[in-house]
Amino acid sequence: MVNIVPNNIQIEDDRTGISVETLKRAFLDNLFYIQAKFPRIATENDYYMALAYTVRDRLLNRWLHTTQTYMEKAPRMVAYLSAEFLMGPHLGNNLINLGLYNVAKQAMEELGLNLTKLLEQEEEPGLGNGGLGRLAACYIDSLATLEIPAIGYGIRYEYGIFDQDIKDGWQVEITDKWLRYGNPWEVARPDAELEVKLGGHTETYTDEQGRYRSRWIPFKMVKGVPYDTPILGFQTNTANTLRLWKAEAPESFDFEAFNKGDYFGAVHEKSECENITKVLYPNDESYQGRQLRLEQQYFFVSCSLQDMIRLMKMQNLALERFHEHYAIQLNDTHPTVAIAELMRLFLDEYGFDWDKAWDITTKTFAYTNHTLLPEALERWLLPMFAGLLPRHLEIIYEINHRFLDAVRIKFPDDLERIRRMSIIDESGERYVRMANLACIGSHAINGVAELHSELLKQTVLHDFYEMYPEKFTNVTNGVTPRRFMVLSNPRLSNLITNKIGDGWIKHLDELRKLESFVEDSGFRQEFRQVKQAVKQELADHIRLNYNIEIDPNSLFDIQAKRIHEYKRQHLNALYIITTYNRIKANPDMDVTPRTFLFGGKAAPGYYMAKLIIKLINSIADVVNNDPDMRGRLKVVFLKDYNVKFAQRVYPAADLSEQISTAGKEASGTGNMKFSMNGALTIGTLDGANIEIREAVGAENFFLFGLTAEEVLAQKVSGYNPWDCYNRNPELKLVIDRLSSGFFSHGDTNLFKPLLDSLLYHDDYLLLADYQSYVECQDRVSQAYRNQDRWTRMSILNVARMGKFSSDRSIRDYLQTIWKTPAVQIEVPEYSQPNGELKLTF
């Protein structure tokens with residue numbers, strides 16, 4: 001029987017259609033045919049998976065057309081190499097970028113389901129530790145939104161950043177089994193696997209042209225299997241690829257060993273190889289842990305570079321044009337061994353001479369530095385490096401030899417400079433310095449905030465700036481408003497869109513239009529109502545999950561970020577104790593009610609950071625159970641802080657704590673996310689705080705503390721933290737209460753390591769900034785009492801955050817470093833005649 005369809009009836013394909021009815025039909029099909037469930041036996045996770053596959057189908061059409069266009073046009077591409085990609089949940093973000101959020105919500109409601117609950121089902125891929133990985137995720141979102149040909153390369157960790165629990169106030173790490181229910185967003189590509197060499201030795205020989213060559217004879221081989229995830233831009237057809245590599249054994253099972261009864265030996269090679277991508281950042285306190293980190297880094301960059309070469313061959317492009325086709329960005333020092341690996345591939349696999357290989361390599365790579373802490377600049381023990389990558393060490397020696405000759409010519413007789421700039425650190429145990437290799441092998445070096453970039457030139461990379469001033473530039477970090485406003489804060493986003501239209505979502509500078517509504521009392525009231533509703537939601541969540549009642553009318557003072565001494569969560573803790581002490585001394589004093597919320601994880605091997613978490617929870621235990629504090633002061637540590645939870649926290653904040661020691665934070669991006677959602681900042685002149693303050697206005701920012709120059713001057717002049725303790729009675733009482741065991745059930749030793757660090761070292765000048773911080777917090781309390789003024793300040797923070805979109809950051813990279821033009825992707829509309837699959841060869 002033939003069905004004749006009238007011309008005026010639009011037909012939608014179940015895989016690409018976007019109407020409510022089509023989504024419902026596709027959803028039920030996926031529940032039945034992919035999850036193999038019918039509604040009566042389906043779980044919430046089955047429903048999530050069915051919806052995820054329904055949405056993924058609508059990505060695939062764009063993704064495959066994007067890939068096809070890139071293959072045909074062979075455009076210049078950005079290859080973003082990062083050891084971390086902290087993507088966050090995919091479903092909600094993809095619905096936003098597809099423009100289908102409300103349609104999907106209606107479709108689920110008509111099926112008796114709740115979209116919000118389905119979104120909560122998604123396991124977050126914890127493939128990053130914090131800001132570095134989240135920045136990479138924002139950037140690949142913006143690259144697709146701006147229609148820039150790009151691919152993200154990283155590692156598919158089987159177990160990501162640990163899940164955090166809190167027991168007796170201490171952090172407890174739990175395995176992050178993010179793949180236990182499968183990942184509907186990725187596509188495995190076992191047909192595109194590659195081999196990676198490790199260990200062994202090298203042999204020299206003379207090739208047919210009489211040239212001296214070196215041959216790497218590896219100890220073992222590992223397979224790299226790519227897993228691809230489509231990354232769709234907002235309101236565009238461009239869907240770029242995030243390609244993550246999984247390590248596998250060439251032979252996963254030794255049948256002969258098994259038959260001999262050696263059951264462990266039968267799978268030993270499989271286990272050993274798969275360990276490479278088993279865990280995000282294995283603890284590097286042991287030699288084996290450090291070696292595994294190096295294996296991880298080399299494994300993923302080798303796979304990625306081989307993959308780029310393979311793609312060029314498929315497009316019939318000459319490898320001599322590699323630097324014209326790829327702009328490779330090194331996201332911090334983790335992927336830096338890629339410089340030596342690309343040289344190895346050119347020299348050993350494709351027979352290039354040194355000068356040609358080095359010219360192409362240095363024109364290909366650019367390096368983003370993310371730290372001012374010298375100890376955070378990666379370096380590897382030379383014997384370890386030689387044992388794992390013997391051929392690469394030979395290449396690095398040659399790079400270093402030629403580079404140091406150039407240094408001698410530019411700076412004659414400066415032996416100390418040569419020692420500092422050498423890739424090989426020979427001051428004690430010998431190390432390979434990865435930041436030095438990155439600076440030498442890249443054509444561009446950028447910091448991630450104006451202050452950070454200047455301090456790089458003055459401090460940790462000063463020698464390289466004097467050698468290559470033309471390489472240095474700044475690209476201030478940014479964040480995507482799609483995830484951190486539209487998805488995270490739909491109430492605020494709808495309010496903004498109702499006033500100025502939705503153009504701001506793709507052009508964040510348009511938020512400036514909100515300034516014309518600051519004097520509109522009706523708008524201010526709506527703005528306050530939005531904030532109050534979001535705070536109530538967070539309060540409800542905390543009541544349900546922590547059994548703690550918090551007052552949504554109180555000032556929500558939030559510090560949510562990785563726990564580290566330089567980020568100074570313990571300075572915030574000292575202020576809480578100060579406030580507590582004041583109330584105890586004067587129970588009738590008038591206090592601005594405040595709820596202190598903390599979130600963040602400490603590295604498993606970082607004891608002092610874990611002790612700070614214990615300190616916060618110990619203070620909370622006392623404060624929250626003291627009747628004198630009721631209705632005035634509350635402290636909550638939010639466990640397992642991640643991207644999904646951050647989306648709940650950023651919109652609810654009244655005050656954003658950005659209190660790192662000036663000169664220590666490279667940029668920060670949490671500061672931007674809080675401000676975009678209307679939080680006011682209390683902060684130092686550090687990282688991007690400086691640029692945020694310039695953008696929003698000094699009068700809308702609570703500034704305290706020493707500047708970077710003053711921090712340095714204090715240290716040079718012989719800073720003594722005991723002086724701060726002795727001359728400040730409030731500080732002395734805080735320290736004495738801590739040391740007395742008041743906040744630790746009488747245990748006077750519990751916080752002794754932390755207090756000794758502050759009183760005898762205070763590397764991050766916490767005590768020096770204490771009084772300034774307390775006075776600034778007092779100004780915050782006074783300001784919050786005037787809700788109308790606070791609302792004006794909050795609106796202006798939102799309105800002036802246009803600079804801090806990751807779209808702007810990517811445009812800066814394109815203009816100053818990558819020089820990569822946009823490519824528009826055409827996706828034909830579905831119709832019955834062209835809806836059939838056609839094979840063309």
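Two strands count as paired if DSSP finds at least two bridges between them. Keep that in mind for the first stop, and note that this is a predicted model.

**Stop 1: strand E12**

Select residues 365–368, which form strand E12. Phe365 and Tyr367 point one way from the strand, while Ala366 and Thr368 point the other way. Are these residues buried or exposed? All of them are buried.

Look at Leu330: its bridge partner in E12 is Tyr367.

**Stop 2: a sheet of 6 strands**

Which order do the strands of the open sheet follow? The order is E20-E19-E18-E21-E22-E23, with parallel pairing. Strand E20 (633–638) and strand E23 (702–703) are at the edges; each has a single partner strand, so one side of each has no neighbour in the sheet.

Within this sheet, select E21 and strand E22 (residues 680–683), which run parallel and are joined by 4 bridges. Leu655 stands opposite Leu680 in E22. Then show helix H22, residues 569–585, which packs on the sheet and touches strand E18 (555–560), strand E19 (594–599), E20 and E21. The direction of H22 makes about 155 degrees with that of E19. Helix H23, residues 607–623, also packs on the sheet, touching E19 and E20. The direction of H23 makes about 145 degrees with that of E20.

**Stop 3**

Select Ser667, in the loop between strand E21 (655–658) and helix H25 (670–676). Ser667 has a relative accessible area of 2%, so it is buried. Leaving aside neighbours within four places in sequence, Ser667 is in contact with Val448, Ala449, Asn477, Met672, Gly687 and Ala688.

Move on to helix H26, residues 689–696. How many of its 8 residues are buried? The number is 6, so H26 is largely enclosed by the rest of the structure. Colour the buried ones: Asn689, Ile690, Glu691, Ile692, Ala695 and Val696. They pack against helix H17 (450–458), E21, H25, E22 and helix H32 (787–799). Just after H26, Gly697 takes a positive phi of about 100 degrees.

**Stop 4: salt bridges**

A search of the whole structure finds 69 salt bridges. Select Arg420 and Asp463, which form one of them, with the closest N and O atoms 2.6 Å apart. This pair links distant parts of the chain: Arg420 is in helix H15 (residues 415–421) and Asp463 is in helix H18 (residues 462–467), 43 residues apart. Arg420 is partly exposed at 33% relative accessible area, whereas Asp463 is buried at 10%.

Now select Lys457 and Glu454, whose closest N and O atoms are 3.0 Å apart in a salt bridge. Why are they separated by about one helical turn? Lys457 and Glu454 are 3 residues apart in helix H17, so about one turn lies between them. An α-helix has 3.6 residues a turn, so residues three or four places apart point the same way. Lys457 counts as buried at 18% relative accessibility, and Glu454 counts as partly exposed at 37%.

**Stop 5: Cys273**

Select Cys273 in helix H8, residues 263–274. Cys273 is buried, with a relative accessible area of 1%. Beyond neighbours within four places in sequence, its contacts are Met221, Val222, Ala247, Glu248, Ala249 and Pro250. Draw a line from the C-alpha of Cys273 to that of Asn586: they are 64 Å apart in space and 313 residues apart in sequence.

**Stop 6: a surface patch**

Finish with Phe32, Tyr33, Ile34, Phe38 and Ile41, which make a nonpolar surface patch of about 550 Å². Phe32 lies in helix H1, residues 20–33, and is partly exposed with a relative accessible area of 48%.

Note on methods:
Residues are numbered from 1 along each chain as its sequence is written. This is a predicted model: local features need pLDDT of at least 70, side-chain atom pairs count only at pLDDT 80 or more; totals for chains, interfaces and linings use all residues. Side-chain values use heavy atoms; hydrogens and water are left out. Patches are made of residues with over 30% relative accessible area and no salt bridge: like charges are joined within 9 Å, nonpolar side chains (Val, Leu, Ile, Met, Phe, Trp, Tyr) within 5 Å. Accessible areas come from the Shrake-Rupley method with a 1.4 Å probe; for residues, only the protein chains shown count as cover. A salt bridge is a side-chain nitrogen of Lys or Arg within 4 Å of a carboxyl oxygen of Asp or Glu. Helices (H or I, at least four residues) and strands (E, at least two) are DSSP runs, numbered from the N terminus. Buried means under 20% relative accessible area, exposed over 50%, partly exposed in between (1.4 Å probe, protein chains only). Contact means heavy atoms within 4.5 Å. Axes are lines fitted to C-alpha atoms, for helices over the stretch in contact, and angles run from 0 to 180 degrees between N-to-C directions.
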